[in-house]
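Dear colleague,

Please find the structure below, together with its sequence.

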Amino acid sequence: MKTLYTNGSIHTLRSPEETFRCLGVEDGRITWLADAEPADTAGWERVDLEQGHVFPALTDSHLHLLYSIVLAASSFPICQVREGRLWPDTLAGVEQSIRAWCRENPRQKLMVANGYVTSAVAQKRLPTRQELDDWTGGRKAVVYNIDGHSSAMSTALMRALKIPEEGHDGIFSGEAHEFIQGRVTGLIAASVSPRLLAQGIARFTDECARYGIGRVCALDGNEDVDSDWLTAALAFIARRMEIDVRLFPQYTSPEKAERFFRLQAVPRMGGCGAWELDGSVGSHSAAFDIPYKDRDDTGHCYRSREFIHTRLARAIANGVQFSCHAIGSAAIRQILGLYKELLPRDTVDGAPLHRIDHCEFPCREEVETLKTLPLAVTVQPGFSWLDKRYLKSYEHFLTPEVIGRQIPLRELAEAGVCLCGSSDSPVQSIDPYAQMLGMVDYYLPDQSLTPWQALCSYTVNPARMLGELADTGTLEPGKEASFFVTDRDLTAAAPGELADTRARYTVVRGRRLQPHAGTVSELLRLLLRRPKKI
């Protein structure tokens, strides 16, 4: 079937200004792009855009799909912005929220709470296991700090994970938190029924459609479990989802990652999990050269140079796209030094780009190095926007000198560095406009991006990063017909307008995404779909 979208503004994103009035689609591809309709429209289905604006479908370049689906179905956010402030802001308020959830969910044997903000709570700490035991009536329970790099567990959960509780307050940070998450995820997933799983997939897909997201990069996989059957199950589901998924298996073992290569259009590995080179600011585990403001500690890198060198060299030699988490300056210096040593001098035009994820606090030397290497940097400036106004973790925990070192977005964008926007969901909502708001109204005002540059970080740049720019990223004849329609011209939107953006609807490869019921029968139909590459 041929479909003609007309009476709107089609933004190709090949430049800030280029627009057309009509877009033709056939067999999931763009066949017509012009200001005037084709001379012969017989057999075309017409869709009136009603003066709407059309943009290429967005890509979230860094999220954790399994956690996003499972936690959407089985967790609750514990700290939220209300009337211009974060609540709860004391442990007494946290206790109130947890007790209320337990009363409302008497049959739920495992409590999972997300979005705890240590810096906003007066006591500046997570609850202890003894407090969680009291508040939950002895249930298995875990509370995740908002950055996803520290947590608190109840005694029952520690026992289920076979973690000795003697002398332990139940608060985990650094490697003690990072490298047990496969076991925690396994317990959480085991508590999710088929009905809740169906609801989680439906909610996630509907959210993507609501925001205009047509593709996500899923950084999933846990190396602290033997078989990691959950990631294999996720890959099975992801290959059949309506949105496109690009999987980065989070293993340091090439043998573990290789079993997914046949499912991928391009072999990939890395991300967070076992490839976290450090932690985060809010958990005092990001690796810096300067001590934290509130303690005599700089944090440290989790992996040795030799450990990374061996695995990165093998990935590059075998044509495997590689990604890893680095937030503090010491961790960024570690991975950038290895990229500088190991990347080939001549890069293939259109090939996927190796990545650094987060890259929040590079020193000047690392900024200059980034400009010279064929790398992609995935960023989440929505977090720093939120932190500046509500969380205050940077000003509580970092010196002004370190705060001023935040990644210079505009400088790097103007130097041609491939900046890719992302949410790190479920650490943050997948809302891409919250991240774009953080880009155009950046923590460091003189490094703010233009709206067009922010849009490119979710469209053109991810396509370039994935090596798929010939097929996606812009709207051009011959490319995939994946786009969304919205009421606003996002290339000229003010920050407040950008933040409130929603899609009227989203189209992926010519097919309009429809709302989901989240039923078990719907899940069964999804599982029977023809698989595609991830």
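Does Phe361 count as buried or exposed? At 0% relative accessibility, Phe361 counts as buried (buried is under 20% relative accessible area, exposed over 50%, partly exposed in between, with a 1.4 Å probe and protein chains only).

Please note that this is a predicted model, in which local features need pLDDT of at least 70 and side-chain atom pairs count only at pLDDT 80 or more, while totals for chains, interfaces and linings use all residues. Residues are numbered from 1 along each chain as its sequence is written, and side-chain values use heavy atoms, with hydrogens and water left out.

Of the 534 residues of the protein, 60% are buried.

Turning to the aromatic rings, the protein has 13 aromatic pairs (rings of Phe, Tyr and Trp, the last by its six-membered ring, pair if their centres lie within 6.5 Å; planes under 30 degrees apart are stacked, over 60 edge-to-face and the rest tilted). The rings of Phe179 and Tyr302 form an edge-to-face pair, because their centres are 5.9 Å apart and their planes stand at 75°. Phe179 is partly exposed at 25% relative accessibility, whereas Tyr302 is buried at 11%.

Phe288 and Phe361 are also paired edge-to-face, with ring centres 5.5 Å apart and planes at 70°. These two residues are 73 residues apart and link distant parts of the chain. Phe288 is buried, with 4% relative accessibility. Ring pairs join Phe288 and Phe361 with Tyr292, Tyr394 and Tyr443 in a cluster.

Yours sincerely

Technical notes
Helix = DSSP H or I, 4+ residues; strand = E, 2+ residues; numbered from the N terminus.
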